[in-house]
Amino acid sequence: MIRAVITGSGSALPANCVTNADLAERVDTSDEWIVERTGIRQRYIAAEGETTSTLATQAARRAIEDAGVDAAEIGLIVLATATPDHTFPATATQVQNALGCNGCVAFDVQAVCSGFLYALGTAESLLRTGMAKKALVIGAETFSRILDWEDRTTCVLFGDGAGAVVLEARDVAEDGPGILSTKLHADGAHCDLLYVDGGPSTTGEVGKLRMKGREVFRHAVVNLADVLREVLVDAGAQAADIDWVVPHQANARILDATARKLDLPAEKVVVTVDQHANTSAASVPLAFDVARRDGRIKEGDLVMFEAMGGGFTWGASLARM
Ligand code: ACO
């Protein structure tokens, strides 16, 4: 059967690391409050000239090198971001040009923190229909540019970064590698709980992120547990079969609560929120790349990806490495 197999990964972070103590000099907060409520200790913030497309290109180059493919072989680029370089063209086309694979299919998807799951599901479907043989799936963000740096309830939570994977269509055995099941959902009724108060068609300004954190938290735990169960049922797998969960890194308490709901031991959950904070669409591929490169995620492992974000949007995907 034809499956989309993850054959490489890469990630990129800005050089500028901002600790909680650094933030406490700008807004009325403390390292203690941030660590206790979120698990975040530091985040990376893009410098002038560093953009979503430059971070995405760096991550993509590393993923291509890791997969041992040539940029010219890439037939599809799907880039997830809520902070594109420009309203248009799609940031994916900037990355395509920088990589030198002009001519292939390239577009952005926008599902905020679930963006990478949406991009992965889209790319996987297109590979299985034969539209392309090799794809780059990228999550990249510069959320620092849409934060209200006077609002302590949101500005401490986010960071910038990018992650990418190479997906290849391969004819594999039933128990072979590849994406086994992906489920995606959206519910636009809750857009007032997490949104940006601007946009080209409303204010004409870029706007700033607004969030009712406590309510988002409640929805996140319920929706994530539901979609994880849905994917397991669809793939005919049990929670106990999972080797690693690579969740969206929003908040250490959401990660703990979701793992508990599924009876998954905390040791199986990849956690990078302490180092990177919430990098929105970049957080899942960034965490995946960290855990692959440090040797935790190995060939043959069963890996669950999951995310929830503004919209609301949420989704999960189960893959054999
Ligand atoms: N430093 C110090 N105090 C703060 C800060 C801060 N940075 N931010 C808020 N506070 C204060 C509040 O003003 C409030 O004070 P008050 O009681 O005097 O009014 C108090 O801390 C408690 O505020 P809450 O908002 O109720 O705190 P809560 O325990 O809910 O934690 C948090 C807030 C961390 C945002 C949490 O709700 C959360 O993580 N929610 C999930 C949201 C999220 O991660 N969204 C990301 C995108 S969506 C997703 O990825 C799931």
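## Domains and their placement

The domain assignment of the protein gives two parts, with domain 1 covering residues 2-171 and domain 2 covering residues 178-320. Between the C-alpha centres of domain 1 and domain 2 the distance is 14 Å.

## Extent of the interface

In this predicted model, 55 residues of domain 1 are in contact with 49 residues of domain 2. The size of an interface is often given as the accessible area lost when the parts come together. For domain 1 and domain 2 the buried area is about 4000 Å², and 62% of it falls on carbon and sulfur atoms.

## Polar contacts and salt bridges

Between domain 1 and domain 2 there are 23 residue pairs in polar contact, counting pairs with both residues at pLDDT 80 or more. The interface of the two domains also holds 2 salt bridges by the rule applied. The side chains of Asp66 and Arg292 form a salt bridge, with an N to O distance of 2.5 Å.

## The domain 1 side

Several elements give two or more residues to the side of domain 1 that touches domain 2, namely the strands β1 (2-12), β3 (42-44), β6 (134-142) and β7 (160-171), together with the helices α2 (31-38), α3 (52-67) and α5 (115-128). Of these, β1 gives the most, with 9 residues.

Sorted by class, the side of domain 1 that touches domain 2 has 24 nonpolar residues, alongside 18 polar and 13 charged residues.

Terms used. Residues numbered from 1 in each chain as written. Predicted model: local features only at pLDDT ≥ 70, side-chain atom pairs only at ≥ 80, totals over all residues. Heavy atoms only, no water. Domains from an automatic or database assignment. Contact = heavy atoms within 4.5 Å. Buried area = accessible area lost by both parts, 1.4 Å probe. Salt bridge = Lys/Arg side-chain N within 4 Å of Asp/Glu carboxyl O. Polar contact = N/O pair within 3.5 Å; in protein donor to acceptor, adjacent residues only side chain to side chain. Helix = DSSP H or I, 4+ residues; strand = E, 2+ residues; numbered from the N terminus. Nonpolar A, V, L, I, M, F, W, Y, C, P; charged D, E, K, R; others polar.
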